[in-house]
Amino acid sequence: AGGATRAALTQHQARRGNMADVSAKDGSQETLVNLLALILGLIITPIVAGHFALTWTLFFLFTGLHLYANYQAVTSVVMDSLNQARLQILLNQYIKTAGNIGTLEQVNRKESVFLKPGESYPISIGIPFGSAVTSVEEVEDTIWDQNAKYLIAVQDGSIRVVLHFEATSQDIIISCYEATILRGLLLLQPKEKIPIQTKDLKAGELFDQIGKECRE
């Protein structure tokens, strides 16, 4: 996971297609930092030897500084591509403001680096068909359109989006948009008693209707 994240950040920093150059400089900086850490460790080790309390104090101090520095580094990155979290933030902003998606900095600033356990109706994109529906009756309760290359189902308290193998980036964004509106409607349903009528309705007609409900 760390290697994949590092590769994505390196690719993001290679603004002129010079990924090899950026990767080489990153490796050189890491080597220099490791060398300085080694020298510092050789200096500190004789000082803290035999001092139990001082050893643990320095350990927690440096560990805290390391985590803080990493947190600041990650949150300072402004990605110009969409992952599921940023797409979710962008769509929520779009729905709440009826068209305003904000800037790159605003969207990236709202993205959390921590997991959010216990989220109501989490959205999962690109899952297998068998994980979304398990019977013919459940297929009838899903939201789908004959011309669409995706299917949306509510299963075990989560919203699951199944993608066709020919689905494009536009299909993924549209499916996530509709799943976001559906999630907003499901969150409002216990309070507002809004009925969910999905049968005999095309997905576009359904979400044009409930999108207004979510914005009000």
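Arg-160 is buried, with a relative accessible area of 17%, in a model that is predicted. This residue is found in strand β4, which covers residues 158-163. The side chain of Arg-160 makes a polar contact with the side chain of Ser-158, at 3.1 Å. Leaving aside neighbours within four places in sequence, Arg-160 is in contact with Ser-124, Ile-127, Ser-131, Ala-132, Leu-151, Ile-152, Ala-153 and Gln-155.

Gln-88 can be described in the same terms. Helix α4, residues 84-97, holds Gln-88. Gln-88 counts as buried because its relative accessibility is 15%, and buried means under 20% relative accessible area. A polar contact of 2.9 Å joins the side chain of Gln-88 to the side chain of Thr-180. When neighbours within four places in sequence are left aside, Gln-88 is in contact with Ile-123, Cys-176 and Thr-180.

| Residue | Partner | Distance |
|---|---|---|
| Arg-160 | Ser-158 | 3.1 Å |

The wider protein comes next. The protein has nine helices and four strands. Along the sequence, these elements follow the pattern α-α-α-α-α-β-α-α-β-β-β-α-α. Of the 216 residues in the protein, 23% are buried; Arg-160 and Gln-88 are among the buried residues. For contacts in the protein with a separation of 6 or more, 60% are between residues 24 or more positions apart. The protein exposes about 15,000 Å², and carbon and sulfur atoms supply 59% of this area.

The largest pocket has a volume of about 1,800 Å³. Its lining is made of 48 residues, and those nearest the centre of the pocket are Thr-5, Val-74, Glu-111, Ser-112 and Val-113. The elements that give two or more residues to this lining are α1 (2-13), α2 (19-48), α3 (52-75), α4 and α5 (104-110). Helix α4 is also where Gln-88 lies. By residue type, the lining of the largest pocket divides into 20 nonpolar, 16 polar and twelve charged residues.

Key
Residues are numbered from 1 along each chain as its sequence is written. This is a predicted model: local features need pLDDT of at least 70, side-chain atom pairs count only at pLDDT 80 or more; totals for chains, interfaces and linings use all residues. Side-chain values use heavy atoms; hydrogens and water are left out. Buried means under 20% relative accessible area, exposed over 50%, partly exposed in between (1.4 Å probe, protein chains only). A polar contact is a pair of N or O atoms within 3.5 Å; within protein, one must be able to donate a hydrogen and the other to accept it, and residues adjacent in sequence count only if both atoms are side-chain atoms. Contact means heavy atoms within 4.5 Å. Accessible areas come from the Shrake-Rupley method with a 1.4 Å probe; for residues, only the protein chains shown count as cover. On a 1 Å grid over the protein atoms alone, a cavity is a set of points where a 1.4 Å probe fits but cannot get out, and a pocket is an open set with protein on both sides within 12 Å along at least five of seven lines; lining residues have an atom within 4 Å of a point. Grid points are joined across faces, edges and corners, and a volume is the space filled by probe spheres set on the points. Ala, Val, Leu, Ile, Met, Phe, Trp, Tyr, Cys and Pro count as nonpolar, Asp, Glu, Lys and Arg as charged, and the others, Gly among them, as polar.
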